[in-house]
2 protein chains.
Amino acid sequence: MVTMKEVAALAGVSITTVSHVINETRPVAASTRERVLKAIEETGYTGDAIARSLVTGGTKSLGLAVSLVSHPYFAELIAAIENEAAHAGYSLVLIDTRESAESEQAAVRMLRSRRVDGVLLTPTSGSAALPELRRLGVPTVLVDRLTLAQDTDQVGPENVQATSTLVRHLADLGHRRIGLVTGAPGVPTTDERVLGYRLGLGRAGLKWDEELVTQSLEPLLGQVSGLVVSDHQVLMGVLGAARAHGVRIGTDLALVTYGEVEWAELVEPPLTTMAQPVEEIGRTAVRLLLSRIADPERAPETIRLAPALKHRQSCGCHQ
Amino acid sequence: MVTMKEVAALAGVSITTVSHVINETRPVAASTRERVLKAIEETGYTGDAIARSLVTGGTKSLGLAVSLVSHPYFAELIAAIENEAAHAGYSLVLIDTRESAESEQAAVRMLRSRRVDGVLLTPTSGSAALPELRRLGVPTVLVDRLTLAQDTDQVGPENVQATSTLVRHLADLGHRRIGLVTGAPGVPTTDERVLGYRLGLGRAGLKWDEELVTQSLEPLLGQVSGLVVSDHQVLMGVLGAARAHGVRIGTDLALVTYGEVEWAELVEPPLTTMAQPVEEIGRTAVRLLLSRIADPERAPETIRLAPALKHRQSCGCHQ
DNA sequence: TCGTCCCCCGCAATCGCTTGCGCACGGCCG
DNA sequence: CGGCCGTGCGCAAGCGATTGCGGGGGACGA
């Protein structure tokens with residue numbers, strides 16, 4: 001690799017000067033700068049981020065530790081994050097937490113050893129990495145899955161009100177028995193949505209029945225006329241089951257779901273969905289992280305972004 | 001951050017010894033090793049990949065320069081790549097080429113300056129980065145989009161035969177006028193599929209008509225009874241257009257498409273698709289790259305992985 | 001003519017780690 | 001008892017950058 005030394009030799013100056021013209025960190029005579037720039041051009045010098053990091057301490061890189069598997073809007077989220085980070089001159093080190101606490105721990109350790117300037121994390125349940133990051137003072141922001149403790153920067157979707165809205169919509173349509181199909185309990189997102197569901201029920205004057213909250217469609221068949229689906233994974237299961245049992249969505253069963261999908265309008269009936277503001281979540285997460293890197297003392301923020309209802313026909317509405 | 005020096009001090013040895021017990025690069029007396037390990041434990045030492053890289057030259061990281069936007073199976077591909085890389089002890093630096101030659105160039109430069117051990121690249125058309133990588137001898141493997149020149153390792157789907165198969169299937173069902181909707185010409189993948197389409201036509205004894213190759217459904221309406229769709233993006237457009245024009249897929253128009261989607265069975269009729277072996281492509285790409293890193297002199301390989309036909313009903317078959 | 005002040009630039013220490021060399025200490029053989 | 005060899009470790013030289021400090025020399029005023 002081309003080093004500063006070679007550039008310096010070619011330009012007939014010291015590496016000190018080369019460094020200063022590159023970083024514009026001290027005035028350099030115009031003619032000298034010219035020579036240096038030309039030498040850089042000729043040699044194709046790119047610099048060595050590794051060496052630079054060693055002395056400056058920073059790496060201009062962010063760690064992104066997420067659960068790659070099974071995330072519907074994963075691609076969008078990463079793209080948004082990459083984009084925002086790139087704009088700020090940061091690059092991303094991607095690592096899969098494999099949805100397990102120990103993988104997560106290993107992932108974060110690796111990121112630390114690579115000296116990333118900050119970490120974006122989707123915590124697994126029972127995360128041991130989070131306390132460690134806090135203890136070490138590594139700038140961190142939680143994405144998508146939030147913790148109750150508001151002692152860390154975090155950004156994710158608003159779940160309670162949104163779910164309540166979904167329930168209300170079904171109730172307004174006249175449904176009295178409304179079910180909820182969710183993912184695994186214990187995950188904050190799931191719990192919040194259950195809470196929102198309950199809240200919505202209350203507001204509609206309907207009573208809570210824990211039998212109506214399940215993890216698959218089957219137990220609910222014949223029990224409910226309205227259904228709230230709490231995430232993408234679950235949605236796929238529900239749709240498959242509905243098909244298998246000959247349940248006609250929108251007619252036999254009014255359905256509203258979380259997770260906007262590109263094919264929402266291609267199925268019959270088109271799906272009424274609650275679309276997560278994925279891109280905005282990604283953007284905000286990066287901004288939050290960068291601002292924390294800039295000011296480690298800032299008070300932690302929790303940002304919840306409201307999802308948007310995409311009203312189509314699976315809820316039974318004809319327009 | 002905890003450094004080797006601190007560990008060494010705590011263990012009462014030199015940093016040389018600490019280094020050797022960590023890397024197992026020279027025998028160390030059992031008792032000494034014990035002490036060092038304990039000191040590492042106590043201090044929470046993680047090592048500093050940056051400093052290590054500076055001296056060893058390697059970084060144990062791979063650059064992944066892809067076009068994040070608009071890639072349907074992007075998530076799967078990245079997950080597969082991450083997984084394979086992680087298994088081999090490598091981490092990933094992700095960067096979006098933004099589908100432009102200059103972004104790509106900048107991306108690759110950045111990866112170089114970060115001293116990644118190798119690069120996985122989805123070349124944009126007119127890529128300037130590729131020659132540069134070759135010239136500099138950076139281990140590189142092309143993913144998904146392949147070049148004609150077989151002077152670089154590359155892995156992607158087989159397109160010609162697969163497309164031909166798709167055409168043949170429609171022809172066997174009795175269709176005489178078969179259209180092809182593709183993405184932008186010039187992209188190798190597109191060109192190969194057009195070629196396969198042509199080949200399939202020939203094999204079926206049908207004649208080529210360039211009017212039947214378009215980038216959207218509209219010009220083909222009423223012109224064809226069978227349709228091959230060449231990728232995901234295009235598929236979304238075609239399905240939307242079909243809906244808008246009241247064209248019934250499977251009945252009015254037999255359709256087969258590239259790009260398996262999770263909702264293939266949820267639409268009416270279920271989609272007959274050609275599923276790319278995404279995961280295998282990702283795995284193979286990483287393996288190829290690692291083997292090249294290990295042996296830079298190895299002759300370049302081009303690997304094409306066969307996609308699998310998922311036979312459903314949009315082709316008009318009831319079965 | 002000489003001192004002062006600026007402008008430009010180079011010296012060398014430093015970041016945390018790896019690694020070639022070489023030293024010290026015992027044990028063993030002759 | 002002396003020499004040799006094996007075992008266990010430490011010294012110090014880098015890796016390629018950044019950066020505090022200081023030096024040389026020209027311009028200008030006294």
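Predicted model: local features only at pLDDT ≥ 70, side-chain atom pairs only at ≥ 80, totals over all residues.
Two strands pair if DSSP finds at least two bridges between them.

**Entry 1: a parallel trio in chain B**

I started with strand β3 of chain B, residues 118-121, and looked up its link to β4(B). The two run parallel and are joined by 3 bridges. One facing pair I noted is Leu121(B), which sits opposite Leu142(B) of β4(B). To get from β3(B) to β4(B), the chain passes through helix α7 of chain B, residues 129-136, and this β-α-β crossover is right-handed.

Next I went to the other neighbour I had marked for β4(B). Strand β5 of chain B, residues 153-157, also runs parallel to β4(B), again with 3 bridges. Here Val143(B) has Val155(B) in β5(B) as its bridge partner.

Which way do the residues of β4(B) point? I found Thr140(B) and Leu142(B) on one side, with Val141(B) and Val143(B) facing the other way.

**Entry 2: where the two chains meet**

I then checked the contact between the chains. On the chain B side 36 residues take part, and they touch 37 residues of chain A. The elements of chain B that each give at least two residues to this side are α4, α5 (74-87), β2 (91-96), α6 (101-113) and α10 (232-244). Helix α5(B) gives the most, with 7 residues. By class, I noted 21 nonpolar, 6 polar and 9 charged residues on the side of chain B that touches chain A.

Strand β2 of chain A, residues 91-96, pairs with β2(B) in the antiparallel sense, over 3 bridges. Leu94(A) has Leu92(B) as its bridge partner there.

**Entry 3: the surface near DNA strand C**

How many residues surround DNA strand C? I got 28, and the closest are Ser14(A), Thr17(A) and Thr32(A), plus Met4(B) and Ser19(B). The largest share comes from α2(B), with 6 residues.

**Entry 4: chain A as a whole**

Last, I looked at chain A overall. I logged 11 helices and 12 strands. Its radius of gyration is 26 Å, whereas a compact globule of 319 residues would come out near 20 Å. The box around its C-alpha atoms is roughly 85 × 40 × 30 Å along the principal axes. I also noted that 46% of the 319 residues count as buried. Of the contacts between residues at least 6 apart in sequence, 70% join residues at least 24 apart.

One sheet in chain A was worth a sketch: an open one of 6 strands with mixed pairing, in the order β7-β6-β8-β9-β10-β12. Its edge strands are β7 (213-214) and β12 (308-310), each pairing on one side only. Within the sheet, β6 (178-181) and β8 (226-229) of chain A run parallel, joined by 4 bridges. Leu180(A) stands opposite Val228(A) of β8(A).

Notes:
Residues numbered from 1 in each chain as written. Chains lettered and ligands numbered in written order. Near = placed C-beta within 6 Å. Rg over C-alpha atoms; globule rule 2.2 N^0.38 Å. Buried ≥ 20, exposed ≤ 12 C-beta atoms within 10 Å, placed from the backbone. Contact = placed C-beta atoms within 7 Å. Right-handed = clockwise from strand over helix to strand, strands pointing away. Nonpolar A, V, L, I, M, F, W, Y, C, P; charged D, E, K, R; others polar.
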